[in-house]
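I'm opening my notebook for a new structure today. I'll jot down what I look up as I go.

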Amino acid sequence: MADESMTDVKLTWDDPNFTSHITPDHLKITSVCEEFGNLLGICSETCEQVKRQVLAESKLDPLPALKVRIGFSEHDVVRYLGSRPGGQMFLALVCALVTAFDPWESAQILATLIEWHLEQKERCPLAEHIHPLLSAINARCQLSGFAEHIVDYEIIISGELRDRGHHAASLGRLEKTPGIEAVIKLVDLLVFIQAETLNERKVKAFSVYAGSCAPWIAALVRWWLHMEPPMVVGTGSSRSDTFRHGEVKVGIILVFQTEGHTPEDIKIKRFCSGTDRDDWHLGLGRAKQYGGLVRIETYFRLMLNAFRLDRGQANLAAVEVIPFALTEARKRLTMCSEGCVVRDRWGAPCETTTDLSSKKAKLRQQSGTSGTDVHKISTDRFEPFPERRDINTILRLVDGCGGKHMQDLRSKQMGMAMAIHDHPQASLFLGQMRFAYDLAEWEKGGFRSQLRAMVEPSATTIFDEQMAHIVAMILALSLFRNPEQLLVRPDPFIWKDPEIEPSTVISAICRLFRKQEACCDVMEWHRVCRKLAGESWDEAPEENYRERQQTILSCHGGQLVWPVILFSRVLPAEGESYLRLHWRRGAIYDEATRRPYQSVIGVDNRTEPETVSQSVFEIPSRLAISDMSASQSHIKVLRKVDGAVLRCAMARFLGSRNFRANECLVDPSGVFRTLASAERIGMCLHNPDVPMDIAVPMDTDVGSPSALPGVYLCSPEEAMPWYWDWANKADDQDAARRGLDALLKYARSDRDRPGAVAVVPATDNDEMRLFALSKPVGAHVAVRQRACLACCVKFCKEFGFGILVL
């Protein structure tokens, strides 16, 4: 029985300066872990990989805006354990466990194994003692590369099953993990295989009968012994004889259930000296799929395999179509935010952002009779995606998409009016009888379409949707700066995540492939990017939805992700992506207290009716240069710690620096929703410095109010202009899901709505411009650059832009 008083369960393990604060209580656990590690017998090659990947050199860098430090410390507990051979083998085992279990489950496994194998039982820690240590080392252990082996074996086994025409080839991915009891038994046997004794009986070999979790088990054996475990399909006496006679140490026999409702189990047979044999029947783990992180090229190999696009004519069609499809999506995809992109209009275009060019064309045709010249105003959008050379960096990592496939000219020669599935190679694959076998094998993959309105989507619809997944993934990964060394979650169906599905991005790209206009939710891109880099949430998708929407800095799986624009504090230059992301290996620590955080969340106080700021509308008779600057203010970041989350708010204070009564908290992520629907008004035919006269109508009848003018001034923190615009378009169910139903009711109940265009003054300080652009929901924004005020107002009224930022 373990001694519960051996150490304090609340010991601090995640201090970045752990080696400087280690105590005797810490040593009681670390010494047991090292001693247990020395018994494991994990191969030296794996230990070397752990040193390269998990113990890689790193440093802590400051992030002054949030008063935190980011990175890994050379003095943390992982570096301490990794400095000893036993500690390295202990870390190697943990690296395997974190891909299948959470820290608490891993602690249960380790506590059991330590008690089984250490002679001094009184020294054995309980799971409660090990859990805090595993929580501290979990992030680094995700980087080990163990998941690479799982993916390799999933692809190998999947290919073998398809070659044999096995029924399991149509059952979906081999993504499951063994349960706690199964892993305890596997590790126990691997330890004794290396030690070659068990209760004075020599362990000659053991075999594992498994199905959907076979890749994980094969990866564990490869990780442990540095040898490829033999894998065979089916059962039979010859299989058991091979292992009984000691020809191999560990073998895996692939066995799959013939009926879907039958629970899948794992059978382990141990062969000892003589004729002794033991059998165990164990179950699968509760994880939906294995975790960990893999290289981007490995990710795309898995994606092509899961889509059944990895060989034959299916592969040839895919690698030929992808560059063509990528060009289509990058050039034509538009974005907006809540109120314009709702879930019951998947991919349908936002009229304001999508139809602008056609509206200008119609005005151009009518200009001879109407005399209006608003179509001559030069405008452009903020660019969501990086340049093509950055996108090609990711495209090269897709197996087969190198060399000639990188040339856009090949797509142009085929004509941009062509639908994706009409590409010559796709047409051959989908329509030629000589490729009927390849087509049948591809269809057996059972790809589930998110276009549920279709009872039975056609082959061309499924092909288009698969291309949309691949193209969306290439564009998402291209948003990361220097992505070559980035590691990602091995989930090829990440766009089908419950938090995201149905994906507006996938639906919009599918519409583009059919030559229709389309628009997607801009916030979906960063949600997917953070999930790719390792972010995970234990709650149901609906819980803390708004909190996840406002993530500034996320840290999961040993990788940090944050948007470039939030800390550069300048608007993106022409052609520069406003969705760009920084990433790096590491964790988040408080600059002063060294406390670790899992994420940094933005705070917005404008989502409850009682906190919506509403200033007195200042209706000028003349908009001059002096009207274009806001009142004196200063910016400050307010911080509040809530468990493992740091909540930060960018606050604008008016007047004295010591005066806090008039402050406005702004959701920093609102800038992406704004820029997605924003149009930059570049130039017009007039002098941009000419002020604009606004005729203020007078009362025509005694007692009747005068009509409000079409333009009014408001301060940047004024929220009602955004809400009014959103209230006209918002979907009631979508607003309720986002927790904004009370705000929607409030906005719709306000009858005293002023004119059509609100003019938001902004100072020359770029930091202030970000505030002016930080809308909470809805509305479309025009940003004035060098056009005159009169033309800017005409443009906003003509094309439906409710907010003009000076």
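In β23, which residue is the bridge partner of T379? I looked it up, and the partner is I681. One thing to keep in mind is that this model is predicted.

β10 and β23 (residues 679–683) run antiparallel to each other, and 4 bridges link them. They belong to an open sheet of 6 strands with mixed pairing, and I wrote down the order as β10-β23-β27-β28-β26-β25. The edges are β10 (378–381) and β25 (711–713); each has a single partner strand, so one side of each has no neighbour in the sheet. From one strand to the next, the twist averages 30°.

Then I picked R784, which sits in strand β27 (residues 781–784). Is R784 buried or exposed? Its relative accessible area is 11%, and the cut-off for buried is under 20%, so R784 counts as buried. A polar atom of its side chain lies 2.7 Å from the backbone oxygen of P688. I also looked at E679: 105 residues separate it from R784 in sequence, yet their C-alpha atoms are 8.8 Å apart in space.

Last entry: the second largest pocket. I noted a volume of about 430 Å³ for it. Its lining has 21 residues, and Q53, L143, Q485, L487 and R585 lie nearest the centre. By type, I got 9 charged, 7 nonpolar and 5 polar residues in this lining. Which element gives the largest share of the lining? That's α2, with 3 residues. Elements supplying at least two residues each are α2 (44–53), β8 (294–295) and β15 (581–585).

Technical notes:
Residues numbered from 1 in each chain as written. Predicted model: local features only at pLDDT ≥ 70, side-chain atom pairs only at ≥ 80, totals over all residues. Heavy atoms only, no water. Buried < 20%, exposed > 50% of the residue type's maximum accessible area, 1.4 Å probe, protein only. Polar contact = N/O pair within 3.5 Å; in protein donor to acceptor, adjacent residues only side chain to side chain. 1 Å grid on protein atoms, 1.4 Å probe; cavity = no way out; pocket = protein on both sides within 12 Å on 5 of 7 lines; lining within 4 Å. Points joined across faces, edges and corners; volume = space filled by probe spheres on them. Nonpolar A, V, L, I, M, F, W, Y, C, P; charged D, E, K, R; others polar. Pairing = 2+ DSSP bridges. Axes fitted to C-alpha atoms, helices over the stretch in contact; angles between N-to-C directions.
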